[in-house]
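Here is a model to question term by term. Each answer sets a value against its definition.

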Amino acid sequence: MLELTPLQWAQLALWVPLLSAVVLAAVWPLRKAGGPAAGVSLVAATVNLAAAAVLLFGWLNGAEDVRHTAPWLIGGQGLIELGVHLDGVSVSMLLVVAVVAWGVQVFSLGYLADEPKAGFGRYYTWQSLFLFSMNSLVLAPNLLQLFLGWELVGLCSYLLIGYWFTKPSAAKAALKAFWVTKFADMGLLLGLIVLYTHTGGFEWTATTTAATTVTLLFFLAVMGKSAQFPLHIWLPDAMEGPTPVSALLHAATMVAAGVFLVVRAAPLFAQAPLTGEVMTWIGAFTALFAASIAVVQTDIKKVLAYSTCSQLGYMVAALGSGAVLGGYFHLTTHAFFKALLFLAAGGLIHAVHSNEISHMGGLLKKLPVTGWTFIIGALALAGFPGFSGFFSKDLILEGVAHQGQWVPLAMLLVGAFLTAFYMGRVVFIALLGAPSEHAAHAHEGGGSMKLPLLVLAVPALALGFFAGPVAGLWGHEYHFHLGWVGLTASALGLAGIGLSWVMFAKGGAQGLLAAFAPVGALARSGAVDRLWATGYRQGLQVLGGAIAWLDRYVIDALMNLIGYLSLALGDRLRAVQTGNVRDYVYAVVAGLLLLGAWGAMFPG
Amino acid sequence: MLTDHLLSLTVAAPFVAAVVLLLAPDLKGAAAKTVALMGAGASLLGALAVWINYDLSQGGLQLAEQYPLVPAYGISLHLAVDGWGVALLLLTGVIITTGVLATWTLEHREREFLVLLLVLVAGVYGVFVSQDLFVFFLFYEIAVLPMYLLIGIWGSEGKVERGGPLGFVWDKLNIGGREYSAMKLTLMLLAGSAAILVAMFAMFHAAGGKSFDFSVLQGFDYPEHTQLWAFVLLWFGFGSLGGVFPFHTWSPDGHAAAPTAVSMLHAGVLMKLGAFGVIRIGMMMLPDGAAYWVPYVGAVAVLNVVWGALSAMAQKDLKYIIAYSSVSHMGVVMLGAATLTADGWNGAIYQMVAHGMMTGLFFGLVGLVYHRAHSRWVPGMGGFAHAMPGVAAFFILAGLSSLGLPGLAGFVAEFLVFLGAWQSAHAWWAIPGIIGAFITAVYVLRVGRDVFFGQGPPATFHELSDAKGSEWAALVALGVCLIVLGVYPNVILEFIAQATSEYLPLVVKGAASGVAVLP
Amino acid sequence: MMQAWLILAAALFSLGLFGLLTRRNAVGILLSVELMANAVNVVLVAFGRWHGVADGQVFALFTTAITVAEAAIGLALVILLYRQRQDVLVDAATEMRG
Amino acid sequence: MMAWIAFGIVAATLLVGAFRVVTARNLVHAVLWLGLTLAMTAAGYVLLEATFLAVMQLLLYTGGVLTLMLFGIMLTRRVEGVEVPNEAANRPRAAALALGVFALFTWAILNTPLPPAGPGGAVTAQQIGHSFLTDHLLAFELLSVLLLAVMVGAIAIARTRDHAPAGQGGHRPGRRVLPKVNQKGGAA
């Protein structure tokens, strides 16, 4: 392998995807050709993967941090710089993004094979652009570049969700995603501005009295990007995009950006206990809320979407209560097994041409690889002992317990149970249940759809055991120990799986379903959705209408009034010209007399 | 050597082209447009030459030329360029060139149209580089007056239904019509000019009535009370062109009725004249007046931003949406100026350039859509992306830039302005500004979805086709500018920051002039 | 004595003015204007005599010349008016109103 | 003493003449009375020792203008010379205004102190001629130009077109002819 310094590898990882995106965007015949465009993007993704692997390997062997910045903007208080910052945290996230992105791009080859050529090329252009944006976010040396990456990633999410823009629902979903995240990003922008004013820079290591306001503003953005309650409404709708997109953006990388921000700016967040408190509560509630809704979803992608929402809740709760290692490790493991779940679900959907789990019965036999990898992912997600999910979730629960947040802990434990339950439900219905007529002629996808599943299955299974070295990467110690919290969590997990087996494999205890009826009603009603929709429609649009009316019929009317008055005055004055000569003479004489009189009265 | 007449050549290039077009009656169709393009192109090359020749390390006024006009009153054609001038010349060059390219499809008396357009832009060039207040005002009028003819003759009809408390006004005024809009635009701008004239002569007189030169008027310490009312006159005088709140109502009607190239040039460049005037003449020459009035300027600017954005959201006519968004973005410029901070001023001037490109691109695109769909009514449109993917892509690009997506010009400008706002005496200004940016995101992308996404185009629009030859050139040029200005802003930010570091201390006693200059 | 002439001239002027205001016939108006011009001449000559300089009379001659010219043009217009309207009643000719 | 008597006669005749000019019902009488007034002014000039001017006055006014006016009346008189008396209505108003003006002038004349009298001695025609060609040369030349212009103008305005103007047929394109107005003032 050619000898490159870590900085050069990082440059490679950053610029190659951008180069691919620019080339594909500019050279439209290449893009219109479809296949070759995918090739270019895949090459870029592979180079990125290689660079990320080398970097991680370097950091595992204890390379010291690298920071290289170049001036970008002239600020009032000095030059604002952008560049690359390599340390344990950024390098590991870089690899996570690289692996998942590579897997998704390979998977898309098969999954979107029957798309029109131009669309296919456009898809891969946006994929490369996303890879660049995510990398620029991950490698950001300061919070400003993180914000730049953050917004670009939001753009890619808008473009990729709206890939099938001819579908009105997809166009609406893309817009909704962009609006909600843009609304939340206002917080990040304002936070950055406050930070810059107080500290003269965008470093996350800065200590400032305004830490609480800054971190609270940051958390508003995190709630938007990482779909925390009440700003989670866009994530389920984001499923309108192709499944690989959901796997990449809305499961592993983009939504994790919020958590990554908190991890990156941990020193800042440490200075604001209040924000921690808020995060713990919101995170825990989101975990519980999303898990309960996931139980009643029939569309497999919606289940996984709400599950992501719930798992993000876990991470936010962990970070809120100071368990940075737990939160970040869960982020990493979750990225792998959730991406695996989504891609596997994509395989199932591709086979059955429908998202409904009821149409998918008994697919394990027909799609063995997809089926089994789905089960591995499900078990990891449910926190089945030995799987990666178990370790990371355990760390989170330990952290929250250690902080003494009992109510949030309770919510998280119930959430763990529900998670195991709804994943069991999906597995028993879709893979093991009685095959429905739709699944009659289901068949496994091609090699391109199976390879990524296997690649992703490995970390889902084994990553748990590497917790030690990974923690070391991030400057934390980790030694496995199973406290009472871990035991209860795994017990609840097993119970959840057992109950789902009873209810869905054996058809028993149907009565319990009634218990979830109210949650089902709540989910279908989309109460929170409608809250925001009315806020938008009644609030913003009505306000806009009022202002527009005011502008046109009051302020503009005043200007027109001036015009009207001058015209009216003109009409009146016209009457003075009678056309009769004598009147004019009278006027002259009258003028003469007046002048004379005036002259007489004020002589000299 | 060429460079010591560079500025006069740049200003004169469009003027010469206009004269050539006037004197050669048989120049028709493409020939006339080519001549106009050469004129515009020459001025763009001039602007680029200025950009290259401007020596950053030295800063200050360069490439100066002075030709006495009326020595008795000290009036002279004194051209010189500073950091701001370099950036704004580039903007004007790009916009006029793309504007001429965008009129390639015009058939109706295109020769006279191009003559007026070129005269207008010559005026704009003049304003940005003239260092003599009288000549500054002369060029300012040259830039404003052709608008009446351009909109009156080549404009398009609109319809505003009658209503509201002052409904009777509709009896005498055909509101929304072409002549109405042209007349309204011209009258409101001339009213502004009248105010400027009064203030101008007051300053000339107070400064001893010997010379109109900036150097003389700049340094003079005017009496306190004169500064107070003179600043207000300049603020609303120049502000009326810059879309300051109560006097912004000409902008929607004017731009909606104006043909493509005219609204490109007007929203893209002319509105900047207004803001530039307020800063260069108002704030810099009347520091005490500025210090007193700036809180109000900022408050009105904030109102501008939110008001423009909200009313843009309720518009149904494509051009009205863009016109109101221009009002909103001009609010950001005035907000930046009102902060009296280095970031704020850099942001304000940068926003002028960024917004100029954005609106130029927007109006170019809207012109294309209107030319093919013969309608600007958004509710009737949908799914245009099928027929015109290129136009759709560029519309989204312009939209993203206007909502401040990083990587595009809009973000850099708005970020600096909001940064400046937070550092200024009135930190709260940043919040409505940011909310305004969000509302922009709402209406811009919603228009993008309503017009371009969704099922196929409705049956009523048949020959929808994508951009052709010269139109592509215009769109690509502006698109590239937006990206370049977004990715590597120092291209012109260095120049702007250099000028700001010189001018800000004049206004704010002991201002932080320590703007870091790039190594 | 001098003032007597001036007062006489004023009287003549006023009578001319009265004629101007009351006459309905265009020619009648011209007559009145002649009268007023004549009054002015008297004043000029009177002052010429008072100061004993030739200017008074020179100006009187100038005014006379101009009055004659004016009468000529006035008459031409009257004839045109007559040809146009077959009568010269001033009150009816109001086409030039606002 | 003699001067006052002479002045008295001249003034009286002048005033009566002028009054008659203004109030005569028949236009021809008015013109004749104007002739008398102009003649009496010439007499006045003699009293003011402006003999040259008196002669010129007689020559120009009584000769030229009088005949001009007579021609004017002849050319524009279709109805048998009888002139309908002026509106009774605005006569008092006109009288009031005229008296007002007269009062204003007399008040001004009586109140403004007269400048000191110059040396006596009549002004000879030679002096007038001399001053024409020295002090007022420019005015003199301009006057000749003016008179030329007036002559050309008068002819141009009043010349009869080469075709009969009365009939509508002869209407030349482009020349907007006002609608024919019949006696009662209504448009034809």
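Q: How do you know that no contact joins chain B and chain C?
A: This is a predicted model, in which local features need pLDDT of at least 70, side-chain atom pairs count only at pLDDT 80 or more, and totals for chains, interfaces and linings use all residues. Residues are numbered from 1 along each chain as its sequence is written, with chains lettered from A and ligands numbered from 1 in the order in which they are written. Two residues are in contact if their C-beta atoms, placed from the backbone, lie within 7 Å. No pair joins chain B to chain C, and their closest C-alpha atoms lie 19 Å apart. Chain B and chain D do not touch either, with nearest C-alpha atoms 27 Å apart.

Q: Which of the four pairs of chains that touch has the most contacts?
A: Chains C and D.

Q: Why is helix 4 of chain B called roughly antiparallel to helix 6 of chain B?
A: The axes of helix 4 (residues 110-129) and helix 6 (residues 146-154) of chain B cross at roughly 150 degrees and come within 9 Å. Angles over 145 degrees count as roughly antiparallel, so helix 4 of chain B is roughly antiparallel to helix 6 of chain B. Axes are lines fitted to C-alpha atoms over the stretch in contact, and angles run from 0 to 180 degrees between N-to-C directions. The helices are DSSP runs (H or I, at least four residues), numbered from the N terminus.

Q: What makes up the contact of helix 4 of chain B with helix 6 of chain B?
A: Helix 4 of chain B brings residues including B:Phe113 and B:Leu116, which meet residues of helix 6 of chain B, among them B:Pro146 and B:Trp154. The contact divides into nine nonpolar, no polar and no charged residues. Ala, Val, Leu, Ile, Met, Phe, Trp, Tyr, Cys and Pro count as nonpolar, Asp, Glu, Lys and Arg as charged, and the others, Gly among them, as polar.

Methods:
Helices (H or I, at least four residues) and strands (E, at least two) are DSSP runs, numbered from the N terminus. Angles under 35 degrees count as roughly parallel, over 145 as roughly antiparallel, 65 to 115 as roughly perpendicular and the rest as oblique.
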